[in-house]
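Have the sequence and the 3D view open as you read.

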Amino acid sequence: MINKPINPATSSRLDAILTHKIWGLPIFLGVLWIMFQATFVLGYYPKGWIEDGFHLLNDWLRSSMSDGWLKSVLTDGIITGVGSVLAFLPNILILFAFIGFMQDTGYMARVAKIMDKLMHFIGLHGKSFVPLIMGFGCNVPAILATNIIENRRDRLITMLIMPFMSCAARLPVYILIAGAFFPNNAGTVIFILYLFGILISMLTAVILSKTVFKNKGEVSPIELVPYRYPSLKAMWNVIKINSGEYLKKISGVVLIASIIVWSLSYFPNHTAETQKERLEQSYLGQLGKAIEPILAPIGFDWRMGVAALVGISAKELVVSTMSILYLADADYEENDPVFRERILEELSPLSALAFLIFILLYFPCVAVFVVLKKQTGKWRYPIFLTLYTTSVAWLVAFAVYQIGRLFGL
């Protein structure tokens with residue numbers, strides 16, 4: 001069922017404001033700020049309720065089960081890993097609701113018109129901005145949505161810069177870190193991260209359009225769909241579909257990966273005086289120590305490196321892996337540690353900022369790699385994307401961390 005259109009007179013008045021040549025862009029940025037602020041603030045309490053529920057479940061299992069690998073895999077692996085990701089479901093749904101609202105009402109097409117001149121300046125068409133904004137939800141369908149771009153050159157550039165548009169899977173990492181280190185301004189910090197991703201994507205588009213793809217792109221005008229009244233049914237469908245996909249990923253990829261990460265952090269089960277020593281002697285600890293020299297210049301310890309490495313398969317795994325690793329050596333007999341408090345104890349604000357930037361910019365996920373190969377029919381594009389995004393992420397994180405140290409931050 002198609003939503004009821006708004007009458008032409010009202011549409012004209014809305015366009016006079018929302019697509020204004022001066023105020024159109026600030027209004028759009030304001031909408032984005034409200035979206036990320038609402039994602040953090042409105043999702044704070046339901047996220048806390050879910051976390052409390054998993055803490056209670058973990059406490060009950062720890063007190064009722066005898067020590068051993070089964071107790072450890074349930075409490076330290078499955079509940080800690082899956083629970084840490086599932087807690088962010090309310091935040092994810094709020095983000096998708098906002099994106100659905102912009103699409104449903106026709107505002108997304110106006111955003112493309114607002115950004116048209118800027119997109120032409122960087123060598124693209126304003127139409128490219130629609131799938132880019134969709135990338136805030138998930139890069140995979142956003143790459144598929146580039147089919148609306150008729151010109152192959154513009155379509156290829158749009159797909160290659162898509163991973164810098166931060167997907168919803170990265171959002172739990174932002175909420176965790178920003179909420180811990182910048183609790184009073186977490187929504188604004190997340191908003192700035194998304195803007196920074198847009199900036200890097202545009203700089204990349206300029207580089208690609210002036211080097212690899214020199215021929216001119218598309219110049220056809222943007223057609224504006226009519227404004228329509230938002231539909232509660234459509235909004236509910238967006239929430240239902242995306243919550244289903246998120247829960248499916250948690251029950252599949254996240255669950256399996258949490259068990260694998262726990263196994264690698266538990267075995268070989270050497271006799272060690274402390275949990276921390278056992279963790280460092282584990283297979284995962286050995287892997288983390290091996291890659292630590294590459295990550296030390298950007299302020300990462302081995303656990304952050306392992307979390308980023310596991311996140312290659314799916315970004316939701318970054319939080320679940322961190323929760324397993326940072327809580328593995330905790331003394332649960334005294335007080336059940338809160339994940340955020342452990343992060344504050346273990347990381348410096350500067351290394352946390354470098355980590356946020358790295359997660360924002362580095363290799364998106366295996367699914368993006370696969371769909372990019374299918375869309376382009378060439379291996380060189382996903383391979384280039386892998387090397388380019390990871391290199392940019394490391395270099396920018398290195399600059400932030402080292403300049404911050406230079407100024408004593």
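Is Trp394 buried, partly exposed or exposed? Trp394 counts as partly exposed, because its relative accessibility is 25%; buried means under 20% relative accessible area, exposed means over 50%, and partly exposed is in between (1.4 Å probe, protein chains only).

Before going further, some ground rules. This is a predicted model, in which local features need pLDDT of at least 70 and side-chain atom pairs count only at pLDDT 80 or more, while totals for chains, interfaces and linings use all residues. Residues are numbered from 1 along each chain as its sequence is written, and side-chain values use heavy atoms, with hydrogens and water left out.

**Aromatic pairs**

- The model has 15 aromatic pairs; rings of Phe, Tyr and Trp (its six-membered ring) pair if their centres lie within 6.5 Å, and planes under 30 degrees apart count as stacked, over 60 as edge-to-face and the rest as tilted.
- One of them is the edge-to-face pair of Phe164 and Tyr388, with 6.1 Å from centre to centre and 75° between the planes.
- Phe164 sits in the loop between α10 (152–161) and α11 (171–181), and Tyr388 sits in helix α21 (residues 380–406), so this pair ties together parts that are 224 residues apart in sequence. Helices are DSSP runs (H or I, at least four residues), numbered from the N terminus.
- Phe164 is buried, with a relative accessible area of 0%.
- Trp394 and Phe398 make a stacked pair, because their ring centres are 5.1 Å apart and their planes are at 10°.
- Both Trp394 and Phe398 belong to helix α21, where they are 4 residues apart, about one turn of the helix.
- Like Trp394, which is partly exposed, Phe398 counts as partly exposed, at 32% relative accessibility.
- Phe36, Phe136, Tyr174 and Tyr194 come together in one aromatic cluster.

**Charges over rings**

- The charged end of Arg110 sits over the ring of Tyr227, 3.8 Å from the ring centre; the rule asks for NZ of Lys or CZ of Arg within 6 Å of the ring centre and within 35 degrees of the ring normal.
- Lys373 lies over the face of Trp379, at 5.1 Å from the ring centre.

**Salt bridges**

- The structure holds 8 salt bridges, each being a side-chain nitrogen of Lys or Arg within 4 Å of a carboxyl oxygen of Asp or Glu.
- Arg110, which also sits over Tyr227, forms a salt bridge with Asp15, and the closest N and O atoms are 2.9 Å apart.
- Asp15 and Arg110 are both buried.
- Asp301 and Arg303 form another salt bridge, with 3.4 Å between the closest N and O atoms.
- Arg303 is buried, with a relative accessible area of 8%, and Asp301 counts as buried at 16%.
- Arg342 and Glu346 also meet through their side chains in a salt bridge (3.4 Å, N to O).
- About one helical turn separates Arg342 and Glu346, because they are 4 residues apart in helix α18 (residues 339–346).
- Arg342 counts as buried at 9% relative accessibility, whereas Glu346 is partly exposed at 29%.

- Val31 is placed in helix α2 (residues 24–41) and is partly exposed, with a relative accessible area of 25%.
- Leaving aside neighbours within four places in sequence, Val31 is in contact (heavy atoms within 4.5 Å) with Met102 and Tyr107.
- Val31 and Ile157 are 126 residues apart along the chain, and their C-alpha atoms are separated by 26 Å.
- Val206 is found in helix α12 (residues 186–210) and is partly exposed, with a relative accessible area of 23%.
- Val206 and His120 are 86 residues apart in sequence and 10 Å apart in space, C-alpha to C-alpha.

Notes: Helix = DSSP H or I, 4+ residues; strand = E, 2+ residues; numbered from the N terminus.
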